[in-house]
Amino acid sequence: MSDMPLPEYGGARYSAWVPDTLDLADRASLAIHAIAGTTEPANDYAQYFLVTLASYPPTMIRHQPVGSDTAAYNPKMWEALILDRLTCGNCDHGDMERSWADRLWNSLTTDNLSTAVSSGRMLATATLYWLLTGDDAWKKACARAVRDYRTILVEHQTRGEMGRGWPATIFGWTLQGLSQYLRATGDDAAYETATRLARYLSDPRTGVLDEEGRLCARHGPRALEHQTSKSIWDPQAGTWPDGSRMALHFHHNTNTVLALAEYALATGDKEAAARALRAYEFARSTGSPITGYYPEYIGDVWPDDRPFRNTEGCCIADMVAIQSRLTQTGAADLFDDLDATLRNELATMQMLRGDWMYRVAERLISAQDTVVPRTERATEENATSDRVPERNVGSFGGWTLPNDLWAGKGWPVFQHCCLGNCARALYYGWESILEHCQDTLHLHLLLNRASPWADVNSHLPYQGRVDVRMKARLSLRVRLPVWVGEKEGVTVTVNGTATTHRRSGRYVELDAIPEGQTATLQFPITERTVQEKMGGELYSLGLRGSDIVWIEPRGIYYPLFEREALRNDRTRWVDKERFVADQSVLW
């Protein structure tokens, strides 16, 4: 065990009555429960990857043998765990974090490095540890890793081994970590290496983004045959030289878009931000912005014969992250897209109860109607059936339909790459709610949030109302969602007394409000019905503001958007603990 320091995650905790509406801090605490629940403590907290209902009780399966590589110890979870602790103050499972931190330290201080998926998340995690502990040993380990990455990348480019199309997308994860470290430190080697990667991924000849910014890195049943630099992918023809058609995977492509957005945020590179924005707009056009639903594969070509068109949590997490990153760069105002994605797809695909898994698995077994998931086989060595539903509460769907968490028999329920990515996305959404700048507090998203500057109580979608209780004397700017028209009446009071305010675009602006006083904004909210095509099917949706409160047709196994309680005009309140961390990071 190393003696490297870990954050203390201290902060203020207090009870408060809060509207029973979406609270991303609560969801972050649930995600931590799932992150810990899907590990095996006896094997250094190795991660189970898949969850299947093909047996009774339900089963979790490891993706890789323990100790084989970082796939069994997923660094996506490491970064997300730290960020979610800062969000909610849940400090449970300290032994797990220590075990993972030791593994991270060993990887960074030996030659066990690569430019694979895990590298960027390891660098990001170590950067967070440096920012939160102030121990320069973490920073020095990061600097060493960056130098090693630079050497590896130069060697790959010199030998022409970077790959094109699908294999090139792997470098998106590396660029994310490099950009996050660069933003925190301004390190020259990180800038040089990140810039090299950003230019490579932006180049249409690389086969990830075309000249117009459209996503074009594809794979298929024989993808491994094409993972060499000699493979020539023709985006216009939609084929490889052997004529095989390849599928356009959403997450692997948007992962690179996110990387370019992170790079633009770290460097101020407006060209990279514009390139990422064009790619985001293409990705957005393939899904449903009002619900936040985006398909696992784009278009009609999918890599297998599945009888449905699903999404996975990784797709949704990427869009949340891109929306928040690009908005921070100033390239676009994507707060309305971000609000809809957080309130709907990201929130609803996080499992809040697991009892249904027992019922469905038992029914399928009784009817002899199970199909073993084609993606993985359970064995005594790589699987467990110990309290799997309970341990997975807080996980995010891996094969999710527009109206159901699970696509059905023959497929797993969860793949825990989605848990790592979505748990991090919760932090990005939470961070985006508020922004404190000098003597002004900016409220960008009308969601519940505790902070050092003010506590936000959001009544949406019960009522068009938000209360901001000030903890310091600050001016206030509140962004109204897109469905509040510019000519619609907005009333503003401070401690119940009407006060003057200004409208500037979508923002309502108030002069300095004293500490201890509460500003309340109220505006009309109505329920409307829309038709939306998702996953190749047409659905009817009920919307109150940005929140979907019902969907037809209804799901079968774990129906989504069962939100009848939110259609009430009277706010329901809950007494809960709020947490404000002593430390924060701009991530």
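Residues are numbered from 1 along each chain as its sequence is written. Because the model is predicted, local features need pLDDT of at least 70, side-chain atom pairs count only at pLDDT 80 or more, and totals for chains, interfaces and linings use all residues, while side-chain values use heavy atoms, without hydrogens or water.

**Exercise 1.** Determine where arginine 506 is placed and whether arginine 506 counts as buried or exposed.

*Solution.* Begin with the location: arginine 506 is in the loop between β17 (502-504) and β18 (507-513), strands being DSSP runs of E of at least two residues, numbered from the N terminus. Next, take the relative accessibility of arginine 506, which is 18%. Arginine 506 therefore counts as buried (under 20% relative accessible area, with exposed over 50% and partly exposed in between; 1.4 Å probe, protein chains only). Finally, list the partners: leaving out residues up to four places away in sequence, arginine 506 touches Asp336, Val478, Arg479, Leu480, Pro481, Val482 and Val484 (heavy atoms within 4.5 Å). A polar atom of the arginine 506 side chain lies 2.6 Å from the backbone oxygen of valine 484.

**Exercise 2.** Describe how helix α2 and helix α3 pack.

*Solution.* Two packed helices are described by the angle between their axes and the distance between the axes. For α2 (residues 75-88) and α3 (residues 94-108), the angle is about 135° and the axes are 11 Å apart.

Key: Helix = DSSP H or I, 4+ residues; strand = E, 2+ residues; numbered from the N terminus. Polar contact = N/O pair within 3.5 Å; in protein donor to acceptor, adjacent residues only side chain to side chain. Axes fitted to C-alpha atoms, helices over the stretch in contact; angles between N-to-C directions.
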